[in-house]
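The sequence and the structure are shown first.

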Amino acid sequence: MNTVEPIRNKKTLNKIKEILSKNKRDFLIFSVGTNCGLRISDILALNVKDVRDKNHIDIIEKKTKKAKKIPVNEKLKPVIEEFIKGREDDEPLFLSYLNNRMERTQCYRIINQACKLAGVDYKIGTHTLRKTFGYHHYKKFKDVAILQKIFNHSAPDITLRYIGIDQDTIDKSYKSFVL
């Protein structure tokens, strides 16, 4: 199994957003992923009606089959509303260039290209968006229990390992330990 990393550096995160801002669809995919912590399969399954005039996104997770209710933050809401203007409720939220529902591989290529242009030199993928959400959520709130619940993980250590906090802590302890 190939493990991808979160985007930890906020300057890098902002650079990626700037790169993706040239395409409203690509920017919104990235923004939903990093602001809601959804898996790419759940993001791509969304239809316009799932987000139109909503304060929450209600889904059944594809992987876990569990119901999930995700608040739409105030930064994301206007981006969504602008993106769906003039669109039909039953349309997929994210369309490919051929007007089909976007696929995971296309999202991977978009995210990979933006990260390369931003100078990211570590393993990334579509799951990087979810891990980035988790990493920054943890850094802001220091509440592993709520993050564990958001991710439906069975134990706090799984959540910390998942978002790369264990390795960060180990690296920091090594760097600050000198004899």
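The sections below move from the chain as a whole to its strands and then to selected residues.

## Overall architecture

The structure is a predicted model. Its secondary structure amounts to nine helices and two strands. Read from the N terminus, the elements follow the order α-α-α-β-β-α-α-α-α-α-α. The chain is as compact as a globular protein of its length, because its radius of gyration of 17 Å is close to the 16 Å that the globule rule gives for 179 residues. The C-alpha trace spans about 65 × 35 × 30 Å along its principal axes.

Contacts between residues 24 or more positions apart make up 59% of the contacts in the chain with a separation of 6 or more.

## Surface and charge

Of the 179 residues, 45% count as buried. The chain exposes about 10,600 Å², and carbon and sulfur atoms supply 53% of that area.

The charged side chains comprise 36 positive and 22 negative ones. The centres of these two sets lie 4 Å apart.

## The strand pair

Strand β1 covers residues 56–60 and pairs with β2 in the antiparallel sense, over five bridges. Strand β2 is formed by residues 67–71. One of the bridges can be located by residue: I59 has K68 in β2 as its bridge partner.

Each strand has a covered face and an uncovered one. In β1, I57 and I59 belong to the covered face, while H56, D58 and I60 belong to the uncovered face. In β2, the covered face consists of K68 and I70, and the uncovered face of A67, K69 and P71.

## I70 in strand β2

I70 is found in strand β2. The residue counts as buried because its relative accessibility is 6%, and buried means under 20%.

What is I70 in contact with, leaving aside its neighbours within four places in sequence? The residues are C36, L38, N55, H56, I57 and I59. C36 is 34 residues away from I70 in sequence, yet the two C-alpha atoms are 6.6 Å apart in space.

## Residues with a positive phi

Most residues other than glycine have a negative phi. K65 is not a glycine, but its phi is positive, at about 65 degrees. K65 lies in the loop between β1 and β2, a hairpin with six residues between the strands. With a relative accessible area of 62%, K65 is exposed, the cut-off for this class being over 50%.

N99 is another residue other than glycine with a positive phi, near 65 degrees. The loop that holds N99 runs between α4 (76–84) and α5 (104–117). N99 counts as exposed, at 60% relative accessibility.

D26 is found in helix α2, which spans residues 24–36. Is D26 buried or exposed? At 9% relative accessibility, D26 counts as buried. Not counting residues up to four places away in sequence, D26 touches L20, Y97 and I110. One of these, I110, falls within the residue range of α5 (104–117).

S41 belongs to helix α3, formed by residues 40–44. Its relative accessibility of 24% makes S41 partly exposed, since that class lies between the limits of 20% and 50%. Beyond residues up to four places away in sequence, S41 touches K62 and R104. S41 and D58 are 17 residues apart along the chain, and their C-alpha atoms are separated by 14 Å.

Conventions:
Residues are numbered from 1 along each chain as its sequence is written. This is a predicted model: local features need pLDDT of at least 70, side-chain atom pairs count only at pLDDT 80 or more; totals for chains, interfaces and linings use all residues. Side-chain values use heavy atoms; hydrogens and water are left out. Buried means under 20% relative accessible area, exposed over 50%, partly exposed in between (1.4 Å probe, protein chains only). Helices (H or I, at least four residues) and strands (E, at least two) are DSSP runs, numbered from the N terminus. Two strands pair if DSSP finds at least two bridges between them. The radius of gyration is taken over C-alpha atoms; the globule rule is 2.2 Å times the number of residues to the power 0.38. Contact means heavy atoms within 4.5 Å. Accessible areas come from the Shrake-Rupley method with a 1.4 Å probe; for residues, only the protein chains shown count as cover. Lys and Arg count as positive and Asp and Glu as negative; His and the chain ends are not counted. The place of a charge is taken as NZ of Lys, CZ of Arg, CG of Asp or CD of Glu.
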